[in-house]
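Dear colleague,

Here is the structure I said I would pass on. My notes follow below it.

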Amino acid sequence: MHEPHVTSHHHAPGSGEHQHDEPGRWHRLRHALRPHSHDTADQVDRELEGSKAGIRAVWVSLAVLAVTAALQAVVVALSGSVALLGDTLHNVADALTAVPLFIAFVVGRRPPNRRYTYGYGRAEDLAGIVIVVFIAASAVFAAVEAIRRLLNPADVDHLPAVALAGVLGFLGNEVVAQYRIRVGRRIGSAALVADGLHARTDGFTSLGVLVGAGGLALGWRWADPVVGLLITAAILVVLAGAARQVYRRLMDAVDPALLDTVERTLRETAGVLDIGTARLRWIGHRLRAECEIVVDARLDVVAAHDIAVAAEHRLLHAVPRLGSALVHADPNGADHHAVVAHHHRP
């Protein structure tokens with residue numbers, strides 16, 4: 001009997017409809033109510049849709065922050081507030097993070113080629129690095145400004161207007177932060193989530209302007225720089241979280257619960273006797289799975305391939321934001337990879 005080594009990694013229409021794909025009555029009902037295709041063109045369409053959502057989030061954020069910074073700049077000109085000037089420049093810098101994100105989303109839409117065989121989705125991870133650098137620069141800038149004001153206190157005019165501008169800065173940044181984080185989590189973009197966290201830190205900075213203005217109104221000239229130092233500490237906390245998230249994405253880290261879902265789904269697929277290695281990685285804002293399953297050695301190649309396709313089909317349903325799955329079927333019994341085993345030793 002021929003012992004099959006087959007791999008399923010295609011998305012031909014209807015490829016999951018065969019005798020080995022029995023996901024259950026509820027699964028079939030859900031599939032009928034919300035049909036989908038695993039065709040490669042449809043996978044690309046979903047990638048483009050995610051990129052379009054990211055680009056839309058970038059431009060909306062840029063518009064909101066540009067308006068916020070412009071209104072704050074008017075108050076800076078009237079009051080002479082150095083703290084508000086710093087916050088205004090901070091918001092301008094935050095708006096400029098739209099540039100690497102926009103570039104990343106546009107580049108990420110390019111199709112794979114013979115050099116970049118997985119496509120350009122990792123451009124988002126590079127943008128995430130730039131954003132983390134921006135957040136770090138924001139922390140340094142806030143600390144320098146706070147120390148400078150602590151050493152050289154200055155009077156500020158039009159305190160009510162300064163306080164109002166601080167509230168405006170907080171609201172503008174918080175709206176942008178919530179929007180970026182929501183869209184970033186929905187499309188699986190770590191860079192967009194990190195940029196949303198960056199906007200949130202800028203909102204804290206703006207709120208600090210409000211607190212500082214209140215202290216100045218009470219005659220506490222030290223209030224503004226002390227609040228600035230507290231804001232710096234808050235920015236550093238957010239920086240640590242954003243850097244950790246981007247680092248994990250660069251190192252191909254995934255939520256272990258997702259891997260549990262993959263392994264459980266494979267084991268529950270009809271015809272799968274056991275599973276081997278299962279791996280997941282992010283490419284842009286989509287996941288890719290590479291898995292090994294064990295099937296009966298007495299099956300012919302077609303039957304083993306059908307089981308692999310059934311497993312792939314079930315994974316695409318079970319794992320959120322899974323863009324593709326490579327499922328390799330091994331026959332049970334003897335070690336059929338002995339000839340290459342020495343190539344995989346550490």
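Helix 6 and helix 7 run roughly antiparallel to each other. Their axes cross at roughly 165 degrees, and an angle over 145 degrees counts as roughly antiparallel. Helix 6 covers residues 159-187 and helix 7 covers residues 190-217, and the two axes come within 7 Å. The crossing of helix 6 past helix 7 is left-handed. Sorted by class, the residues in this contact are 20 nonpolar, eight polar and six charged. Please bear in mind that the model is predicted.

The protein as a whole

The protein has 346 residues, and 46% of them count as buried. Its secondary structure consists of ten helices and four strands. Along the sequence the order is β-α-α-α-α-α-α-α-α-α-β-β-α-β. Taking contacts between residues at least 6 apart in sequence, 77% join residues at least 24 apart. The accessible surface is about 17,200 Å², and carbon and sulfur atoms account for 64% of that.

Leucine 159 belongs to helix 6. Leaving out residues up to four places away in sequence, leucine 159 touches Ala213, Leu216 and Ala217. Leucine 159 and serine 81 are 78 residues apart in sequence, while their C-alpha atoms are 8.8 Å apart in space.

Arginine 180 is also in helix 6. Is this arginine buried or exposed? Arginine 180 is buried, because its relative accessible area is 1% and the limit for buried is under 20%. Apart from neighbours within four places in sequence, the contacts of arginine 180 are Ser61, Leu65, Asp94, Thr97, Leu192, Asp195, Gly196 and Ala199.

Threonine 68

Threonine 68 sits in helix 2, which spans residues 40-79. With a relative accessible area of 4%, threonine 68 is buried. Which residues does threonine 68 contact, once neighbours within four places in sequence are set aside? They are Asn91, Leu168, Gly169 and Gly172.

Helix 4 and helix 5

Helix 4 (residues 98-108) and helix 5 (residues 123-151) have axes that come within 8 Å and cross at roughly 175 degrees. This pair is therefore roughly antiparallel as well. On the helix 4 side the residues that meet helix 5 are Pro100, Leu101, Ala104, Phe105 and Val107. Facing them in helix 5 are Ala123, Glu124, Ala127, Val130 and Ile131. By class, the contact between helix 4 and helix 5 has nine nonpolar residues, no polar ones and one charged.

Aspartate 252

Aspartate 252 is in the loop between helix 8 (223-250) and helix 9 (256-267). Its relative accessible area is 27%, so aspartate 252 is partly exposed. That value falls between the limits, which are under 20% for buried and over 50% for exposed. Not counting residues up to four places away in sequence, aspartate 252 touches Arg122, Leu280, Arg281 and Trp282.

Regards

Definitions and conventions:
Residues numbered from 1 in each chain as written. Predicted model: local features only at pLDDT ≥ 70, side-chain atom pairs only at ≥ 80, totals over all residues. Heavy atoms only, no water. Helix = DSSP H or I, 4+ residues; strand = E, 2+ residues; numbered from the N terminus. Buried < 20%, exposed > 50% of the residue type's maximum accessible area, 1.4 Å probe, protein only. Contact = heavy atoms within 4.5 Å. Areas by Shrake-Rupley, 256 points an atom, 1.4 Å probe, with all protein chains shown as cover. Axes fitted to C-alpha atoms, helices over the stretch in contact; angles between N-to-C directions. Parallel < 35°, antiparallel > 145°, perpendicular 65-115°, else oblique. Left-handed = near helix turned anticlockwise from the far one by under 90°. Nonpolar A, V, L, I, M, F, W, Y, C, P; charged D, E, K, R; others polar.
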